[in-house]
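Here is a friendly briefing to read alongside the coordinates. It goes from strand pairing to the chain contact and then to the charged pairs.

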Amino acid sequence: MKRILVAVKRVIDYNARIRVKADKSGVETTNVKMSMNPFCEIAVEEALRLKEKKLAEEVVAVSLGPKACQDQIRTAMAMGADRGIHVLTDTELQPLAVAKLLAKIAERESPDMFMLGKQAIDDDCNQTGQMLAALLSWPQATFASKVEVEAGDERRAVVTREVDGGLQTLRLRLPAVVTTDLRLNEPRYATLPNIMKAKKKPIQQLTPQDLGVDMAPRLQTVKVEEPLKRKGGIIVSSVEELVDKLRNEAKVL
Amino acid sequence: VSTLVLAEHRGDKLGGDTLSTITAAKALGGEISVLLTGQNVLPAAKHASTLQGIGQVLTADDAAFEKGTAERLAALLVAVQKRRSFTHIAAPSSSFGRDLLPRAAALLDAQPASDVTEVIDAETFVRPIYAGNAMQTFRFPAEGPRLFTVRSSAFPAAPEEASSSAQIEEISQEELAAAKELETGSEWVGQDVSTSERPELGSAKVVISGGRALKSAENFHMLYDLADQLGGAVGASRAAVDAGFCPNDMQVGQTGKVVAPDLYIAVGVSGAIQHLAGMKDSKCIVAINTDPDCPIFQVADYGLVMDLFEAIPALGKEIQKVGK
């Protein structure tokens with residue numbers, strides 16, 4: 001393969017506490033630690049492993065959103081991506097708009113594979129990869145736990161997917177969209193020398209206007225609220241008491 | 001309002017997730033049609049026709065859809081929608097629905113909604129975001145179609161009704177043609193569905209999860225034994241997965257599986273936010289930990305402050321004694 005594009009999303013760090021804004025308009029993101037979406041890290045790692053196996057020549061990290069998204073592109077480059085593309089916008093982006101922007105970038109870059117995390121841990125949509133594949137009329141393999149690229153001129157990838165109750169294997173014609181699940185790999189940490197090197201790698205900046213995409217959000221948020229809190233429980237003093245409570249009070253045994 | 005429910009079926013029955021999706025569709029009001037795809041789907045279509053509130057059952061009965069990948073099924077869904085103009089299209093939020101529905105939505109230039117947990121009216125819904133740490137109420141735009149997937153644990157299964165017998169309509173070959181002939185670029189190679197005696201983590205009624213305090217992969221066998229005794233599944237915290245005690249697919253949490261069993265037993269799990277996000281909707285939560293201050297106790301219905309290496313064998317014996 002000549003090129004793999006990888007989408008990376010800036011999200012609230014998975015370890016940070018989620019606070020709903022007092023006006024119920026959304027979730028507080030100021031002064032909150034931000035990171036690359038964990039599923040995107042897995043996508044970057046997988047693309048790099050394909051490159052290291054000489055199955056791909058170049059890995060390009062793509063992010064969409066405000067200026068700060070460049071941090072996540074730099075992280076991907078510190079892991080080993082060759083260059084970055086950043087579409088600068090402060091508009092709220094919903095998955096359909098993201099898929100349309102990524103499709104335009106795919107048309108410019110002609111990758112053999114577009115890898116994305118299966119979902120982002122902020123909106124939990126789990127849609128962008130499928131929608132991107134649809135817009136490009138490419139085959140898709142979602143929730144990948146194993147990715148193999150066949151050698152030779154036929155240009156096929158064999159992908160094992162996590163489906164309910166087991167695993168499914170698909171053989172895809174390239175170019176294709178692959179979305180990554182947890183079991184695929186364990187992403188590497190960027191080393192200090194590589195973080196320094198990443199600073200010199202190029203990031204191309206684009207605007208949505210360059211790509212000519214209608215990004216208007218389709219779904220309108222009415223309100224965002226805290227989930228119902230669980231009622232405080234009790235501390236039992238022994239295994240016998242626990243089993244008694246589970247049988248006679250909670251009636252789950 | 002007219003809703004199309006995309007059904008998953010095994011043999012002669014609709015799947016449980018689909019029955020919950022039908023209940024969510026009923027909350028919209030209006031007529032419900034169910035679409036079944038695959039080969040020899042008539043027995044499952046008959047089951048669908050006996051469910052309460054179903055107006056019509058559509059079947060796309062063709063070998064081309066038997067191992068239907070998302071590419072072909074999305075094309076089918078688009079063809080059906082173009083001809084029949086449903087206001088809503090719903091699918092279960094299973095790996096099948098999550099793979100297929102967004103692809104179809106993009107082809108219809110619609111922004112879908114994932115994992116709906118509450119229907120307020122025909123355009124307003126609620127869904128969890130941030131792994132359930134916040135609940136988003138949102139509205140679809142005026143122009144349809146409105147596509148969404150349904151979190152099955154949030155809706156009961158649609159019941160059968162003796163008097164109910166919806167009409168079954170086989171979709172014509174002409175309507176199926178485009179999807180059947182599509183050059184998908186995707187080839188189904190095989191499927192390895194788990195043959196484990198244990199139920200699947202995502203749908204088990206009982207889940208026993210271990211944390212880093214288990215100390216080793218070998219010690220997880222204590223949890224497997226207890227799970228087998230209770231007919232449950234075994235999960236793990238991210239810390240336990242990161243420590244190499246168990247594989248990634250056992251992870252319960254924001255970046256793993258989100259579970260909501262009747263009984264969740266957290267063993268040696270401290271209760272990091274990202275773990276709580278994956279299990280806090282469980283009906284009854286038990287926490288066993290030596291540290292009385294760890295956050296898991298704040299969400300537990302029953303907490304037991306005790307060394308897990310004593311507690312788990314004792315729990316197994318006690319359950320056996322009282323007879324489960």
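Let's start where two chains meet through their strands: Ile235(A) has Gly303(B), in β18(B), as its bridge partner. This pairing joins strand β13 (residues 234-236) of chain A to strand β18 (residues 302-305) of chain B through 3 bridges, and the two strands run parallel. Please keep in mind that this is a predicted model.

**The contact between chain A and chain B**

- Chain A brings 75 residues to the contact, and chain B brings 82 residues.
- The size of an interface is often given as the accessible area lost when the parts come together.
- Here the two chains bury about 6900 Å² between them, and 55% of that is on carbon and sulfur atoms.
- Across the interface of chain A and chain B there are 41 residue pairs in polar contact, both residues at pLDDT 80 or more.
- On the side of chain A that touches chain B, strand β9 (residues 166-173) of chain A gives the most, with 8 residues.
- That side of chain A divides into 38 nonpolar, 18 polar and 19 charged residues.
- Salt bridges between chain A and chain B come to 6.

- Is strand β8 (residues 156-163) of chain A enclosed or open? Since 8 of its 8 residues are buried, β8(A) is largely enclosed by the rest of the structure.
- Arg156(A), Val158(A), Thr160(A) and Glu162(A) point one way from β8(A), while Ala157(A), Val159(A), Arg161(A) and Val163(A) point the other way; all of them are buried.
- Strand β7 (residues 140-149) of chain A is joined to β8(A) by 5 bridges, with the strands running antiparallel.
- Within that pairing, Ala144(A) has Arg161(A) of β8(A) as its bridge partner.
- The hairpin of β7(A) and β8(A) has 6 residues between the strands, and Gly152(A) in the turn shows a positive phi of about 100°.
- β8(A) also pairs with β9(A), in the antiparallel sense and over 8 bridges.
- For Val158(A), the bridge partner in β9(A) is Arg171(A).
- The hairpin of β8(A) and β9(A) has 2 residues between the strands, and Gly165(A) takes a positive phi near 85° there.

**A closer look at Arg171(A)**

- Arg171(A) has its place in strand β9 of chain A.
- With 17% relative accessibility, Arg171(A) counts as buried.
- Its side chain makes a polar contact with the side chain of Glu150(A), at 2.9 Å.
- Which residues does Arg171(A) contact, leaving aside its neighbours within four places in sequence? Among them are Glu150(A), Glu154(A) and Val158(A) in chain A, along with Gly185(B), Ser186(B), Glu187(B) and Val189(B) in chain B.

**Salt bridges**

- Side chains of opposite charge can pair when their charged atoms come close.
- Over all chains, the count comes to 40 salt bridges.
- Arg173(A) and Glu183(B) form a salt bridge, their closest N and O atoms being 3.8 Å apart.
- This pair crosses between chains, from strand β9 of chain A to the loop between α5 (173-181) and β13 (186-193) of chain B.
- Within chain B, the side chains of Arg84(B) and Glu175(B) meet in a salt bridge of 2.8 Å, N to O.
- Arg84(B) lies in helix α3 (residues 70-84) of chain B and Glu175(B) in helix α5 of chain B, so their pair ties together parts that are 91 residues apart in sequence.
- Arg84(B) is partly exposed, with a relative accessible area of 22%, whereas Glu175(B) is buried, with 5%.
- Arg84(B) and Glu175(B) also belong to a salt-bridge network that links them with Arg83(B), Glu169(B) and Glu174(B).
- Another salt bridge joins Arg151(B) to Asp115(B), with the closest N and O atoms 3.6 Å apart.
- That pair links distant parts of the chain, 36 residues apart: Arg151(B) is in the loop between β11 (146-150) and β12 (167-170) of chain B, and Asp115(B) is in strand β7 (residues 113-116) of chain B.
- Asp115(B) is buried, with a relative accessible area of 14%.

Definitions and conventions:
Residues are numbered from 1 along each chain as its sequence is written. Chains are lettered from A and ligands numbered from 1 in the order in which they are written. This is a predicted model: local features need pLDDT of at least 70, side-chain atom pairs count only at pLDDT 80 or more; totals for chains, interfaces and linings use all residues. Side-chain values use heavy atoms; hydrogens and water are left out. Contact means heavy atoms within 4.5 Å. Buried area is the accessible area (1.4 Å probe) that two parts lose on being put together, summed over both. A salt bridge is a side-chain nitrogen of Lys or Arg within 4 Å of a carboxyl oxygen of Asp or Glu. A polar contact is a pair of N or O atoms within 3.5 Å; within protein, one must be able to donate a hydrogen and the other to accept it, and residues adjacent in sequence count only if both atoms are side-chain atoms. Helices (H or I, at least four residues) and strands (E, at least two) are DSSP runs, numbered from the N terminus. Ala, Val, Leu, Ile, Met, Phe, Trp, Tyr, Cys and Pro count as nonpolar, Asp, Glu, Lys and Arg as charged, and the others, Gly among them, as polar. Two strands pair if DSSP finds at least two bridges between them. Buried means under 20% relative accessible area, exposed over 50%, partly exposed in between (1.4 Å probe, protein chains only).
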